[in-house]
Structure formats: C-alpha cells, structure tokens
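The sequence and the structure are shown first.

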Amino acid sequence: MTLKTLRTVDDLLQNDLISEQDLTQLNELSKIYTIAISSEVAGLIESPDDPIGLQYIPHIDELITHPDELNDPIGDEALSPIPGIVHRYEDRVLLKPLLICPVYCRFCFRREQIGPENGLLTDTQLENALQWIEKHPQIREVILSGGDPLILSPRRMRFIIQKLDQIPHVTTIRLHTRVPFSAPSQLTHEFINSLETDKALWVVVHANHPKEFTPAAQQAIKNLIKNGIPLLSQSVLLKNINDNVETLESLLRHFVEWRIKPYYLHQLDKAPGTARFYVPIDKGRHLLSALRGRVTGLAWPTYILDIPGGYGKVPLGPDYFNPQTPNYVLDPNKKIHQI
C-alpha cells in the first residue's frame, strides 16, 4: 500500500481498491465529489467492502440521486448570513474556516461543498466572520467545523483561538474533527499548543468503527488529553459498517476506554448518492435499545436526527416512558413495569 494520500481514480486502481470495469463511471464521479484517502486510512483497508474501505472508496452508486436526497440536507446555506458562518441556534454558531479535509467520507452531508477548490476563507472573510460573532452577544459557543479545522496551520488556528478569546460573550469553543483517527500524523505538538485558550475548549472526534482505533490514533488522543482538552465523540450509523449491536458496543467501549465521552450517534443525513449507507430509524432505535444494559452509561450516546431543511437536531430515542400511561415504563426488553 502506498504511503501517500490517494487522490485520484488512478491512485485507487494502482492500489487495487477499485476495478477497471468501473473506471469510466468513477472518473465521472470524481468530477463531482472529491477523493482523498490518507496513508494512515489506506493502510487499514483490507478490501474495498470492508468497514474502512466502504467509508472512503468511491462507488458508482454515488451517481444515483434519490428523490429524498438533498444537496444541502441540513439547510446550512439558508442559515448562513455571511461566508463561513452558519447560525442555526440562538446561543451558538458554526464557524467554517475551511472546506478541506484530509480524507473525504463517501457519506458526507457537505459533499457538495467540500474539496480543495473551495479552500480556506480569505483573510477578509475570516475577519468578517469573527466580527459577526463579536457583534452578536447572544452567541456563547463557537463550533469550528468545515472541512476539518485540525488541518489548519498552527498559525491560523492560533489566530482564530486568540480572536475568540477576546470576545467576552463567547464562553465555549468546540472543534469537530476526524484528524486524530484519519490522519493522526498531522496532529503535531505545535498544533495542539495553538489551541491554548482561557475559554472552555472541547474537541469532538469522529470515528465509526473499532478498526479505526490504531496505536497512532491513540497517541494523538493521548496528546490532546495531556494538554487538558476534554474529548467527546460523534459517529454516523452506517449500513454494513456499524449497524449491528456487537460493532456498536465495541465502538462505544473503545471511546470510553480512550477517555472519550460518546456524544452523538447520527442518523445519516441524506446527501446525494448516499443511499447505500442508509439505516432505517426503526433499526437504529432497536440497536440503541439492545445496548441498554450492555454498556455503561458513560458509553451511551444520543441517537440524533438533523431534521432535513435546517430545522435542527432532535433525539430519536429509544423511549421507555409513555405519557399516555405515566405509571408504567418499559425496560430494555420491552417488558412493562409499574412505577
């Protein structure tokens, strides 16, 4: 397996990750959606249809768009007053300083936006975004996303953190990233030092399968923890990747054992060409119900749906309390108990 990031259809072919019969269609697909598989991730792929390969290797089915799939499934664009800002909830804001990632997930809900051609916010755009936050005193939390903010240069990240430090009404900074698992070599000590702040700073890491928990990833996580940064996790429920009790249990246990608190298990956002990853909500609720009692409460995530169109996130359950019968609850095995 090559030690470079795989970025083209030819790279994938040379590493036996795609077949020649799909070349024409995959070349068409690569004109629509960006390809990048870091050397660390490529080294984990045993076959194109294993749990890592499925997440990152492009597939001809991505050329099929179903009627319920949207270019902007969670309504970012309608809630973006200026470039780099998405304001969905009153007390928090999304700051997207870049739209580039070290790897490109085939189920990404921003797949229509991200890629090298979109790049960084310009200096002027970034200043405008930070000034917009400063002018809105109801904003208490700033969430850095993108793209992946952990591939910014240490200089640029330090600039952003220091600017946010100077805004009195901002109390919390959150960074969402796949870097510790997908490209841990990029998480240098210099970069971690750039996160120094007097605000409450949290890092939310993204992994979907136990196989992603490598020694290199563990060291990257340890380096964040050593610097006093609390960690949360988010995962996406994905067909043929983690949609069974055993895999989910192992994934959640790995997070907790690495001192990462499971935070969100996302229902798939229906972006174009992602139907092959879709898990019905009923199955997701059943999986969460089956995990109750199997894993510690520390490992319990919120199963969440981002309502299409920009209406926000809602928890999907499972439910154990019925307001229609308030003196009774269901246990994880669906047996009724009086309380």
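## Aromatic contacts

Phe213 has a relative accessible area of 11% and is therefore buried, a term that stands for under 20% relative accessible area, with exposed meaning over 50% and partly exposed in between (1.4 Å probe, protein chains only). The model is a predicted one, in which local features need pLDDT of at least 70 and side-chain atom pairs count only at pLDDT 80 or more, while totals for chains, interfaces and linings use all residues. Residues are numbered from 1 along each chain as its sequence is written, and side-chain values use heavy atoms, with hydrogens and water left out.

Seven aromatic pairs are present in the structure; rings of Phe, Tyr and Trp (its six-membered ring) pair if their centres lie within 6.5 Å, and planes under 30 degrees apart count as stacked, over 60 as edge-to-face and the rest as tilted. The ring centres of Phe213 and Phe255 are 5.2 Å apart and the planes stand at 70°, so this pair is edge-to-face. It links distant parts of the chain, 42 residues apart: Phe213 belongs to the loop between β5 (200–206) and α9 (215–226), and Phe255 to helix α10 (residues 245–257). Helices (H or I, at least four residues) and strands (E, at least two) are DSSP runs, numbered from the N terminus. Phe255 has 0% relative accessibility and so counts as buried.

Phe213 also pairs with Trp258, with centres 4.8 Å apart and planes at 65°, so this contact is edge-to-face. Trp258 lies in the loop between α10 and β7 (261–266), 45 residues from Phe213, and both Phe213 and Trp258 are buried. Phe181, Phe213, Phe255 and Trp258 form one aromatic cluster.

## Charges over rings

A charge sits over a ring if NZ of Lys or CZ of Arg is within 6 Å of the ring centre and within 35 degrees of the ring normal. Arg92 lies over the face of Tyr89, 4.4 Å from the ring centre, and the charged end of Arg292 sits over the ring of Trp300 at 4.0 Å from its centre.

## Salt bridges

The structure holds 18 salt bridges, each being a side-chain nitrogen of Lys or Arg within 4 Å of a carboxyl oxygen of Asp or Glu. In one of them, the closest N and O atoms of Lys270 and Asp68 are 2.7 Å apart. Lys270 is in the loop between β7 and α11 (281–291) and Asp68 in the loop between α4 (53–56) and β1 (85–89), so the bridge ties together parts 202 residues apart in sequence. Lys270 is partly exposed at 27% relative accessibility, and Asp68 is partly exposed at 42%.

Asp76 forms a salt bridge with Arg88 (3.1 Å, N to O), and both residues are buried. Arg110 likewise bridges to Asp76, with the closest N and O atoms 2.8 Å apart. Salt bridges that share partners also join Glu62, Arg106, Arg111 and Arg276 into one network.

## Cavities

Two cavities of 30 Å³ or more are counted. On a 1 Å grid over the protein atoms alone, a cavity is a set of points where a 1.4 Å probe fits but cannot get out, and lining residues have an atom within 4 Å of a point. A volume is the space filled by probe spheres set on the points.

The largest cavity holds about 40 Å³, and its lining includes Tyr33, Tyr104, Arg106 and Arg111. The second largest cavity has a volume of about 40 Å³ and is lined by residues including Val41, Leu44, Phe181 and Glu212.

Terms used
On a 1 Å grid over the protein atoms alone, a cavity is a set of points where a 1.4 Å probe fits but cannot get out, and a pocket is an open set with protein on both sides within 12 Å along at least five of seven lines; lining residues have an atom within 4 Å of a point.
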